[in-house]
Amino acid sequence: MSGRLMPCSAKEISSLFLFEKLSAEQLGMLCSAGRVELFDPGPVFAEGDPATCFYVMIEGTVIMSRRVGSDDIEVSRTSQQGVYAGAVQAYLGDGKPQRYVNSLRVPEPTRFFVLPAEAFANFMHEWFPMAVHLLEGLFLGSQTFQRAVGQRERLLALGSLSAGLTHELNNPAAAAVRATATLRERVGKMRHKLAVIAQGSYSPEVMANLIDIQERTAERVAKAPALSPLEASDREDVLSDWLDDHGIQDGWRIAPTFVQGGLDEDWLDQVAATVGEEMLPNAIGWLNYTVETELLMDEINDSTARISHLVDAAKQYSQLDRAPYQVADVHELLDSTLLMLSGKIGQQIKVVKEYDRNLPRIPAYPAELNQVWTNLIDNAVQAMNSAGGEGTLTVRTALEHDRLLVEFRDTGPGVPADIRERIFDPFFTTKPVGEGTGLGLDISWRIVVNKHHGTLQVESSPGDTRFQVLLPLTAVDSDETTEEPE
């Protein structure tokens, strides 16, 4: 895009604050290398195009915007003479073609002094060599520092997640170990009881009936209903009385196992009628071991299933063996992140999921979205911890016009209004020294906005802070040089 060429006046150029200290010779060189252009209302340059020129406004009005999904969001509008845009970092000379990081348009006829990027870089190096070195050091040093601190922050987050995952894995693993040891003991006692029964003078028909009862008891255990503590206590009293009435020793010890296995008084009446009074004590002992072994095997199965579920969640969270860019279900990503962070969230914070399950899958970088969820959940948890350690974290998904909304709402103290616009700035943090790098929200912002062409915003008041992520429903064309999160 170009405007109509107009004469370049060294006197007029010198009135711009960028050039007011230049000599007459330097101003002449600027006019020779650059040009003055008059742009009619419309675009001047577009975000993502090669940054070929440096623009300084002489008169008129400019509007700067950033592309978010399919929309251009206005960032600033000004009529201040001398404002500049375009190839502002051409002097860095990093060997890579630079691109415009935003779009510029004019709502009225506007004149610019336009300097080719190469000429701008040459003048900077020739006229201000020390300043260029200082700016290069500041810019590149800041990038290096940001990258190093960002890596440190990810390592700290990984350590925290690893500790939480280890804690979550330890519980079912320990339960499985305990259940296996108890199962070994019960199977040993079952073999002993079987030997006692086999030595008795029982007919083959009675033994066959006992085996049949054992099989049906195992099936009953598999279908045992979940009981409330009050219901379980009442049933234990009934079964304990039944066992005492039938001369079974330590009935109060056996009754809880039978209740947990789903056995009731009617079932024991059937057992007594089938095996007879003589064999009943041994039969009850045999069935007790049967129920215990079934319950222990269920416990082992639940524990190992829990471990498998945690491993699957870890794989989902880290996106191992998956393409970096794919069509993903945000609910799967959110669930895996919440599970990975369950240890850090703790028991005092209630997690509420308000998912719209009708939302479509979206094209995304799942591993990086998980990093965004991690940062936002971690901030919410820390905010609530600072207010006493109790609260509610609500994770909501919805369709917001033509974009998918993921909202994290916490009941913490909120973000003060005077710092609300700075929280996405690199290295800005409200945490004590050593506890925060100030890069969590900056990284999240770049992942959402730069990588996914979405929006990350915050609404906050005491007791109600909402971080909202808006993502496009369809793929957005992205230039290969789009800035990637560190």
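The model is predicted: local features need pLDDT of at least 70, side-chain atom pairs count only at pLDDT 80 or more, and totals for chains, interfaces and linings use all residues. Residues are numbered from 1 along each chain as its sequence is written, and side-chain values use heavy atoms, with hydrogens and water left out.

**Overall build**

- The protein holds 12 helices and 16 strands; helices (H or I, at least four residues) and strands (E, at least two) are DSSP runs, numbered from the N terminus.
- Among the 486 residues, 44% count as buried. Buried means under 20% relative accessible area, exposed means over 50%, and partly exposed lies in between (1.4 Å probe, protein chains only).
- Of the contacts with a separation of 6 or more, 76% are between residues 24 or more positions apart; a contact means heavy atoms within 4.5 Å.
- Accessible areas come from the Shrake-Rupley method with a 1.4 Å probe, and for residues only the protein chains shown count as cover.

- Helix H11 covers residues 366-386, which is 21 residues. From its first C-alpha to its last it reaches 30 Å, close to the 30 Å expected at 1.5 Å a residue; the expected span is 1.5 Å times one less than the number of residues.
- H11 is mostly covered, with 15 of its 21 residues buried.
- After H11 comes Gly388, which has a positive phi near 120°.
- Helix H8 spans residues 265-318 and includes Thr293. Thr293 has a relative accessible area of 8%, so this residue is buried.
- Setting aside neighbours within four places in sequence, Thr293 is in contact with Leu183, Arg186, Val187 and Met190.

**A nonpolar patch on the surface**

- Phe17, Leu18, Tyr84 and Val88 make up a nonpolar surface patch, with about 330 Å² of accessible area together.
- Patches are made of residues with over 30% relative accessible area and no salt bridge; like charges are joined within 9 Å, and nonpolar side chains (Val, Leu, Ile, Met, Phe, Trp, Tyr) within 5 Å.
- Tyr84 sits in strand E7 (residues 84-86) and counts as partly exposed because its relative accessibility is 43%.

**Charged pairs**

- Side chains of opposite charge can pair when their charged atoms come close. A salt bridge here is a side-chain nitrogen of Lys or Arg within 4 Å of a carboxyl oxygen of Asp or Glu, and the count comes to 13 salt bridges.
- Arg35 and Glu37 form one of them, at 2.3 Å from N to O. Arg35 is partly exposed at 29% relative accessible area, whereas Glu37 is buried at 2%.
- Glu354 pairs with Arg409, their closest N and O atoms being 3.9 Å apart. Glu354 lies in strand E11 (residues 349-354) and Arg409 in strand E14 (residues 403-410), so this pair ties together parts that are 55 residues apart in sequence.
- Glu354 is partly exposed at 34% relative accessible area, while Arg409 counts as buried at 18%.
- Asp464 and Arg466 also meet in a salt bridge, at 3.0 Å from N to O. Asp464 is partly exposed at 24%, and Arg466 is partly exposed at 24%.
- Through shared partners, salt bridges join Glu354, Arg396, Glu407, Arg409, Asp464 and Arg466 into one network.
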